[in-house]
Amino acid sequence: MKTDIQIAQEAVMEPIEKVAQGLQMEADDLELYGKYKAKVSDSYLEKIKGNPDGKLILVTAVNPTPAGEGKTTVSVGLGEAFGQLGKKAVIALREPSLGPCFGIKGGAAGGGYAQVVPMEDLNLHFTGDFHAITSADNLLAAMLDNHIQQGNALSIDTRQVVWKRCLDMNDRALRNIVVGLGSKADGIVREDHFVITAASEIMAVLCLSEDMEDMKERLGRMVVAYNMQGEPVTAADLNAVGAMAALLKDALKPNLIQTLEHTPALVHGGPFANIAHGCNSVRATKAALKMADYCITEAGFGADLGAEKFFDIKCRMAGLKPDVAVLVATVRALKYNGGVAKADLNEENLDALAKGIENLGKHMENLQKYKLPVVVALNAFVSDTEAEVAYVRAYCEERGCAFAQARVWEQGGKGGLDLAQEVLSVLETRESHFEPLYKDEFSLKAKIECVAGEIYGAAAVSYTPAAELQLKKLEGLGFGRLPVCMAKTQYSLSDDPALLGRPEGYTLQVREAYVSAGAGFAVVLTGAVMTMPGLPKEPAALRIDVDRDGLVTGLF
């Protein structure tokens with residue numbers, strides 16, 4: 001059986017200009033990065049603003065398990081299937097982070113015959129967007145420390161510096177550090193921290209910005225510290241906005257690549273959904289809606305994280321109204337949620353499936369709370385039995401959700417035709433009445449408790465004393481109307497990764513809260529979730545190599 005990277009490297013890609021021609025794009029609408037990838041120009045985005053919007057299809061999933069779900073694979077395969085049906089579709093995805101690529105999760109280009117290519121470029125440096133964000137973040141950190149060193153005219157309290165440096169790598173040793181050691185000329189000694197680039201507020205700012213002007217306004221609002229009076233100090237106060245924007249000017253433009261079947265894909269931005277807001281850029285999604293009749297996008301991890309943030313943060317801010325949600329699951333993942341060990345998932349087990357399917361059921365209910373139709377996509381594995389598939393189908397249809405199997409990993413677009421036709425049928429027969437879960441005027445605590453109760457199934461929420469003070473301070477500073485971005489484990493509906501299935505009756509633990517004023521949301525940390533991951537005992541980096549001809553191996 002060929003690996004994903006072998007399939008990708010054997011693909012015959014079309015020049016990106018030819019892919020663009022199918023979207024009525026001209027040569028001047030592209031800024032080329034080699035033969036197979038390009039930036040979409042600002043002038044083209046301005047030119048298509050008057051086009052009617054296509055249908056917005058969100059692909060999400062059950063909670064991830066070691067058994068695999070294949071959300072991106074289904075997203076890509078669904079786009080390929082639309083193409084085979086003669087429908088004009090554009091896929092809008094997030095960019096991969098180097099951290100997971102070299103860690104345990106791997107890349108994010110899809111899999112099998114439902115991939116976006118060039119796979120190696122996408123999973124490594126791509127067009128440099130992550131590097132630009134990293135540089136802008138660390139420039140701001142350097143300017144902040146330099147301001148303190150050069151007299152501290154803003155009276156910054158060095159014990160209340162909240163801006164963190166960032167790196168697009170899993171490096172646990174940088175979570176908590178001390179800077180300024182050495183001589184007097186080496187800066188002020190203080191505690192500092194790193195986050196992974198995907199968790200940087202600048203990543204969120206770029207992904208939520210409408211244009212350069214909006215991005216600069218958002219960058220200026222970012223809170224970097226508090227002064228001796230407890231008032232926020234912003235990036236605008238440090239006069240850092242212009243320089244950061246200069247570093248980000250190209251990164252703000254969406255990237256155009258293709259699938260193995262030459263379906264256009266806009267891949268832009270890459271916030272994680274467990275520690276950030278988990279969606280690709282507003283600019284890419286809105287462009288895709290203007291470029292095609294159907295925009296197929298995805299949100300990270302399970303629907304409790306990515307989809308909730310897509311709805312309550314991205315759609316709220318950008319005025320987006322999704323038409324349908326596609327919820328990806330596998331028989332293997334549901335049996336894992338039912339208590340079956342990974343080694344035994346290939347065996348039929350209807351009892352475990354009946355227990356674990358409650359995880360799928362909760363996600364179905366959650367999506368329906370946003371008043372839009374749901375299609376369950378069962379990503380097929382060869383070990384699935386007819387009885388297991390029939391059980392899942394009946395379960396979904398009894399609860400008012402359409403159902404289809406997807407065989408896109410093995411067959412590409414052909415394996416997604418049933419799913420595509422089901423999605424098209426739902427779009428034609430069921431209307432979306434989408435609305436976010438909570439109102440802007442809710443307090444921050446009320447928003448937290450709404451998400452915890454309605455989406456996670458928690459019975460109660462507890463707050464550490466520090467979190468209580470932080471939330472009260474944020475309300476007092478006027479940030480109470482912002483949506484909340486919940487940082488939580490992806491492996492469970494709860495804040496405990498060991499609680500599989502559909503946990504109920506538990507108490508969600510909130511340990512910290514802070515504002516991302518530029519992004520426009522309050523970040524709420526629960527459980528033991530980390531904003532700087534670490535590498536596993538045997539990271540994927542051990543298997544990655546490149547030969548004398550420049551051929552990369554070991555990526556997955």
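**Close-up 1. The packing of helix H8 against helix H9.** In this predicted model, helix H8 (residues 201-208) and helix H9 (residues 212-221) pack at an angle of about 150 degrees, with their axes 9 Å apart; axes are lines fitted to C-alpha atoms over the stretch in contact, and angles run from 0 to 180 degrees between N-to-C directions. The two helices are therefore roughly antiparallel to each other, a term for angles over 145 degrees. Ile202, Val205 and Leu208 of H8 meet Asp214, Met215, Arg218 and Leu219 of H9, where contact means heavy atoms within 4.5 Å. Helices are DSSP runs of H or I with at least four residues, and strands are runs of E with at least two, numbered from the N terminus.

Close-up 2. Alanine 61 lies in strand E3 (residues 55-61) and is buried, with a relative accessible area of 2%; buried means under 20% (1.4 Å probe, protein chains only). Leaving aside residues up to four places away in sequence, alanine 61 touches Lys71, Phe301, Gly302, Ala303, Leu327, Val328 and His363. Although alanine 61 and valine 328 are 267 residues apart along the chain, their C-alpha atoms are separated by 4.3 Å.

**Close-up 3. Helix H18 and the glycine that follows.** Helix H18 (residues 444-456) has 13 residues, and its buried residues include Leu444, Lys447, Ile448 and Val451. After H18 comes glycine 457, whose phi is positive, near 80 degrees.

**Notes.** Residues are numbered from 1 along each chain as its sequence is written. Local features need pLDDT of at least 70 and side-chain atom pairs count only at pLDDT 80 or more, while totals for chains, interfaces and linings use all residues, and side-chain values use heavy atoms, with hydrogens and water left out.

How values were computed:
Expected span 1.5 Å × (residues − 1). Buried < 20%, exposed > 50% of the residue type's maximum accessible area, 1.4 Å probe, protein only. Parallel < 35°, antiparallel > 145°, perpendicular 65-115°, else oblique.
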